[in-house]
Amino acid sequence: MGQYIMKIGEELITQDAHTNTSKPNLMESSITQVAVDEHPTTAEAEAEAEEEEKHHRCIGDEIEIPVINHGIPTSVTQSMMQVCQEFFDIPTEENVKQYPDDNLKPVRFGTSRTLSKDTLLEWRDYLRCPCRPLSDFIDLWPAKPSTFREVTMEYSKELAVLAKRLCSAISESLGVESECLHELIGKHQQIIMPTYYPPCPNPELTIGLCAHTDPGGITILLQDEVEGLEVFKKGRWIGVKPLPDVFVVNLADQIQILTNGRYKGAEHRAIVNAERARISIPTFFHPLDDAKIAPIPELLGGQLPMYRDSIFRDYLREFFTNKSTGKGTVDSLKLD
């Protein structure tokens, strides 16, 4: 267990994450739940206009956004959560052998329980499943459980539709063409990464996922009922309470660059507990690897860009090579 324990002085910032001390909860605060219903009534449209204004403040305030009325059948999300649970019920040794954690392989299984005891690790297992184009990857996805490919395929298609609608809504809120962000980040790479956080005997000294902002475009997260996701807000960590049939959408680093800092990525982390395992299923939408990312010219309004241009492949290399935490990589692109 030594490889999971933080060094002295590196304990989690908020002790209330693992005690009975009351702490704010993102889903129970004043944060808006964003609806993306495609066919609102007149009354709903008026309500949505008010919600949209709150939504803009929400995004600009660097938090993760709960999304309701997303149109994805509950049967689809429940089946996806169930099949992921079944996958993680397979012995770890079998998954490691079948899907080695090799960066050259598109589909791979990673576990923090196979590395050196001298390495500080995150308390989690994960499965990386690229989705686009499906024909290139679906036969590489796990064949066990027997329904994994079918269920994940349906889920990935539903998430792609939702991502397009979200990109359109964000583009319109910025005053640019509705297809703008979808063309830049929404229609290219899609990666589903089911993640399992086992119960931990020393949760106050361990981290499930270190603090970071996501390096891509947008992330759509499906959670089970176990709490663990936290976002950094106004100098403290705030829990994101899972709610039934609600996705959490995280704007990532490339959105921050494209909007010239108008919308910011949410710094977040995952904590663990001693009693219950947790499963979360993030789906990442990334630009093309060779895409040049720079502030959208229409958003500059005569101002100078805040970030220098970068190639997404190079950005990812920097992010993972240096194991960036917080906003380290995106901040490194700021212009003086």
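Which residues does K144 touch, not counting residues up to four places away in sequence? In this predicted model, in which local features need pLDDT of at least 70, side-chain atom pairs count only at pLDDT 80 or more, and totals for chains, interfaces and linings use all residues, K144 touches F87, I90 and E94, where contact denotes heavy atoms within 4.5 Å. Residues are numbered from 1 along each chain as its sequence is written, and side-chain values use heavy atoms, with hydrogens and water left out.

K144 is located in the loop between helix 4 (134-137) and helix 5 (148-174); helices (H or I, at least four residues) and strands (E, at least two) are DSSP runs, numbered from the N terminus. The side chains of K144 and E94 form a polar contact at 2.8 Å, that is, a pair of N or O atoms within 3.5 Å; within protein, one must be able to donate a hydrogen and the other to accept it, and residues adjacent in sequence count only if both atoms are side-chain atoms. A distance of 9.3 Å separates the C-alpha atoms of K144 and V83, which lie 61 residues apart along the chain.

Four strands form an open sheet in the order 7-12-9-10, with antiparallel pairing; two strands pair if DSSP finds at least two bridges between them. Strand 7 (209-212) and strand 10 (236-239) are the edge strands, each pairing on one side only. Strand 7 is joined to the antiparallel strand 12 (residues 268-270) by two bridges. For H212, the bridge partner in strand 12 is H268.
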